[in-house]
Every structure is written in structure tokens, then in C-alpha cells.
Amino acid sequence: PESPSEDNSMEMMGMGMGMGMGMMGMREGDAERSVLEFAVSEANSGMVTALLDAGVLPVQAAKEPAPSSPELGMGMPGMPPGMGMMGMPGMTPDMSGRQSAIELANAEILPLLLAKLPEAMLPKALEEDGEVSLLRRVLAKRDLAKAKLLIEHGANVNHPVPGTELAKPDPGEPVPPGSPLGQGMMPGMLPGMMPEMGMGMPGLNPMMPPGMMGMGMLGESDEVDLESLSVISLVARVGDSDLFKLILEKGADPAREEPDGSTPLHHAAANPEGAVLSQLLKQQPKLDTRDDNDRTAVAQAAEGGLIENVRQLEQAGANLNDHIVINAAIRSLNRELVAHLIDSATKPLNENWNRALPELEKIIWPGERGMRMGMNPYGMMAPPPVPPSTEEELESIRGIATLLLENGLTSANLKTASDVA
């Protein structure tokens with residue numbers, strides 16, 4: 001007698017046959033799924049194998065989109081196909097968020113799919129003709145095992161092709177209608193402004209406190225949009241040394257520059273896995289490249305309090321005597337790192353240290369002085385730091401304050417470590 005799992009696979013196979021195997025039939029939320037996609041999403045390897053052996057491809061051949069008919073155009077002249085108000089006749093379901101069988105696959109099923117994929121269909125299956133390839137999305141989710149499988153089966157480790165990245169608009173520059181950065185936006189609207197969430201006023205950023213009226217420059221954020229990074233910068237930031245070594249062997253460019261001016265070295269410096277940085281430093285990258293926020297790679301390491309990464313970069317020749325590095329180390333609240341920077345500095349401490357105590361004060365008393373004037377000293381759209389809440393944080397602040405004061409730095413507000421509540 002057949003095992004229960006085999007019975008289940010055969011039953012599902014029969015259902016697949018009845019629905020025209022691989023054709024649209026399963027519904028998942030608002031999007032339909034093929035039988036293969038359903039089997040993959042259920043991690044049913046038996047059914048997946050049966051479907052593949054029967055000739056179902058992991059990805060369907062590209063088809064020309066059906067022409068839009070006037071009677072199904074939702075009655076609104078000039079509206080792009082597939083767009084419209086919810087509930088209007090003729091609306092085409094939004095399939096943009098639908099995941100392919102390969103994206104849905106786990107590490108056990110993925111090799112089954114890739115083994116049946118014709119080589120000519122690989123770029124389509126891995127979405128390398130789009131803005132964000134499947135490999136980049138997988139890396140952004142930190143699924144390193146799946147990323148390794150994709151790379152070993154031929155995924156492009158230099159995606160996006162250099163020169164095709166989305167350009168970063170200048171501050172205050174409107175996004176042209178139809179631009180990839182302007183999807184879902186009103187023509188001429190600045191990035192990050194969303195009418196549907198703007199507190200009832202078109203163009204307001206939903207993260208902005210009421211009353212700010214959308215004025216001021218777009219705030220700097222330490223959040224990184226991982227999907228926007230190239231493959232090598234993604235692996236440098238979230239990968240491990242084995243994966244980084246693999247993409248170098250596959251031809252990834254260690255000197256690549258991102259649209260924001262950062263390099264793989266910036267992202268490796270921010271990775272707690274110091275072995276990745278060590279691998280990259282063997283490629284002798286430029287150490288003094290600054291991103292659009294004027295940060296070098298060692299400043300990125302200091303921001304995360306990653307003292308071992310800072311030491312690696314220092315030994316390679318990186319300059320630690322930089323006020324951006326120093327202030328980043330202060331914000332990390334890593335006393336050992338601040339002590340290392342002081343030990344490495346020429347005495348007496350020079351002008352690069354002038355902002356060290358004020359930077360510490362912003363952590364102790366976040367926004368207090370600026371808020372008295374009705375202003376946010378961290379920028380119109382940037383939330384002030386959260387004040388220290390644990391005894392461990394307060395102890396770190398007191399230790400850093402003592403180091404700075406003992407080395408000749410002065411402040412009208414912070415005279416001794418005991419001034420830290």
C-alpha cells in the first residue's frame with residue numbers, strides 16, 4: 001500500500017491535472033497561484049517532483065500582455081492598465097506582490113526547481129531583468145543558504161548591472177511621473193511623501209509629527225534599504241566570509257559604488273562578522289571613500305560600536321582622527337572604542353574632538369535645549385535619540401564622560417561624570 005504522503009501527492013497531482021498543471025488555479029489572498037507554486041508554498045516535495053517530472057516548468061514562458069479593452073478600462077481616460085479604485089468594474093488584480101515558485105521555495109525544494117529550469121530561462125526565473133533580482137531580495141531577508149544555492153546555479157553576482165541603478169534624486173528634486181522611485185506617488189511628489197498616509201494632507205510624510213507641514217529637508221536615517229544595494233554590498237553587510245568568498249570567485253566587483261556613494265567596504269565595516277571585512281581588505285579597497293553622508297568605512301564600524309572592525313581598518317591604514325568617526329563612536333556608547341580612539345590620537349586632543357562632549361550631551365538630554373525653542377535639534381524630520389534607560393547605558397555614558405573630561409575636553413553642562421543622572 002502507498003504511504004499517506006504518497007497518497008497525498010497523488011491526490012494533489014490529480015487535482016493539478018484537472019486544473020491544467022501549472023496553470024493558474026489556486027488562490028492566495030488576492031493573487032492566484034499555479035498548482036506548482038501552491039505545492040512549493042506547502043513544502044510538498046513529493047508533489048513538486050511529480051509536477052516537474054510531468055513537464056511543468058518552474059517559470060512560465062514570457063507572454064505579451066493582453067491589450068487593454070476600452071470597456072474594461074474602468075472608465076477613467078489615461079489611467080494605466082491595472083490601476084484604479086477598489087471595487088470599480090474591470091479592475092485587474094494587482095499581481096505585483098506575487099511570489100514565484102522559486103522565491104517561495106525552501107532550501108530543500110529550490111534545487112529541484114533549478115535542476116529543471118532551462119538555462120535560457122534562468123535570468124527570467126531569477127528576475128534579473130527587473131530592478132531588484134531575486135538574489136538581492138533573498139539576501140535582504142538574510143536567507144544565506146538560499147542565496148548560496150542561487151549563486152551556485154548561476155545567479156548574477158553583479159546585479160544590478162553597473163550604470164543601471166536607480167539614480168538618487170538631488171534633495172528637493174521632484175520625482176518624474178512614472179519613475180521607478182515615484183511608483184504610487186502623485187506626479188512631482190518628493191520621495192517618502194505618501195498621500196494616503198499623510199494625515200489627510202497630500203504630500204505629508206506619515207512619520208512627521210502634526211504641525212510640521214512637510215517643511216525642511218528630508219531627514220537622514222541610519223536605516224538601510226537592503227534591497228537597493230548591489231549583490232556584493234548586500235553580502236558584505238549581512239553575509240558571512242564563505243558567501244563573500246564565493247561571490248568574489250564568481251566575479252563580483254569589490255570596488256563597486258552604490259548610488260548613495262557607499263562601497264562594499266562601508267557595508268563590510270558595518271557587519272559584526274569581522275571575517276567578511278578581513279576578506280575584503282585583502283582586495284586592497286580604497287579606505288578613505290566617503291558616502292553621501294560623508295562617512296568613511298571606519299565611521300560605519302564606529303557607528304555600530306564594532307571595535308574589532310575599527311582595529312582591522314586602522315591596521316590597513318584608515319584614518320581614525322576624523323570628527324565623524326569620533327562622534328559615531330560616542331553615539332555607539334562603546335567605552336572601549338572611545339578609549340581606543342583617544343589612545344590612538346595625538347595629545348592634546350585636537351579640534352576633531354570638539355563635538356565629542358556635545359554629542360554625548362545629546363544622548364543624556366535628548367532635544368532638551370532645542371525643544372525649549374520649539375525646534376528639533378536633530379532635524380525637522382529626524383526623531384531625537386531615546387534617552388538612556390538602563391543602568392548599563394548610564395554606566396557607559398559616565399565612563400565615556402570621564403575619559404573625555406580627563407583628556408582636557410570641557411563643557412558648560414557636563415563638568416563631572418556625576419552630572420549624568
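Reader: Where is the place of Gln284?

Author: Gln284 sits in the loop between α12 (274-281) and α13 (297-303). Keep in mind that this is a predicted model.

Reader: What value does phi of Gln284 take?

Author: Phi is near 55°, a positive value, and Gln284 is a residue other than glycine.

Reader: Is Gln284 buried or exposed?

Author: Exposure is read from the relative accessible area, with over 50% counting as exposed and under 20% as buried. Gln284 has a relative accessible area of 71%, so this residue is exposed.

Reader: Where does Leu333 lie, and what is its phi?

Author: Leu333 is in the loop between α15 (323-332) and α16. Its phi is positive, about 60°, although Leu333 is not a glycine.

Reader: Is Leu333 buried or exposed?

Author: The cut-off for buried is under 20%. With a relative accessible area of 18%, Leu333 is buried. Gln284, by contrast, is exposed.

Reader: Which residue just after α3 takes a positive phi?

Author: That residue is Gly55, with a phi of about 105°.

Reader: Which residues of helix α3 are buried?

Author: Begin with the general idea. Because an α-helix has 3.6 residues a turn, residues three or four places apart point the same way. In helix α3, which spans residues 45-53, the buried residues are Met47, Val48, Leu51 and Leu52.

Reader: Now to helix pairs. How is the packing of two helices described?

Author: Packed helices are described by two quantities, the angle between their axes and the distance between the axes. Take helix α14 (residues 307-316) and helix α16 (residues 335-344): they pack at about 25°, and their axes are 10 Å apart. Angles under 35 degrees count as roughly parallel. α14 and α16 are therefore roughly parallel to each other. The crossing in which α14 passes α16 is right-handed.

Reader: Which residues of α14 and α16 meet?

Author: On the α14 side they are Ile307, Val310, Arg311 and Glu314. On the α16 side they are Glu336, Leu337, His340 and Ser344.

Reader: His340 is found in helix α16. Is His340 buried or exposed?

Author: His340 has a relative accessible area of 15% and is buried. Setting aside neighbours within four places in sequence, His340 is in contact with Ile307, Arg311, Glu314 and Leu320. Ile307, Arg311 and Glu314 are residues of α14 that take part in the meeting with α16.

Reader: At what angle do α16 and α19 cross?

Author: The axes of α16 and helix α19 (residues 391-406) cross at roughly 15° and come within 9 Å. These two helices are therefore roughly parallel to each other, and their crossing is right-handed. Arg335, Val338, Ala339 and Ile342 of α16 make the contact with Gly399, Ile400, Leu403 and Leu404 of α19.

Reader: In which helix is Gln279 found, and is it buried or exposed?

Author: Gln279 is in helix α12. Its relative accessibility is 18%, so Gln279 counts as buried.

Reader: What is Gln279 in contact with, leaving aside its neighbours within four places in sequence?

Author: The partners are Ser241, Phe244 and Lys245. As for Asp240, it is 39 residues from Gln279 along the chain, and the C-alpha atoms of the two are separated by 9.9 Å.

Reader: What share of the contacts in the protein chain between residues at least 6 apart in sequence joins residues at least 24 apart?

Author: That share is 62%.

Reader: And what does the accessible surface of the protein chain come to?

Author: The accessible surface is about 22800 Å², and 55% of it belongs to carbon and sulfur atoms.

Technical notes:
Residues are numbered from 1 along each chain as its sequence is written. This is a predicted model: local features need pLDDT of at least 70, side-chain atom pairs count only at pLDDT 80 or more; totals for chains, interfaces and linings use all residues. Side-chain values use heavy atoms; hydrogens and water are left out. Buried means under 20% relative accessible area, exposed over 50%, partly exposed in between (1.4 Å probe, protein chains only). Helices (H or I, at least four residues) and strands (E, at least two) are DSSP runs, numbered from the N terminus. Contact means heavy atoms within 4.5 Å. Accessible areas come from the Shrake-Rupley method with a 1.4 Å probe; for residues, only the protein chains shown count as cover. Axes are lines fitted to C-alpha atoms, for helices over the stretch in contact, and angles run from 0 to 180 degrees between N-to-C directions. Angles under 35 degrees count as roughly parallel, over 145 as roughly antiparallel, 65 to 115 as roughly perpendicular and the rest as oblique. A crossing is left-handed if the near helix is turned anticlockwise from the far one by less than a right angle, and right-handed if clockwise.
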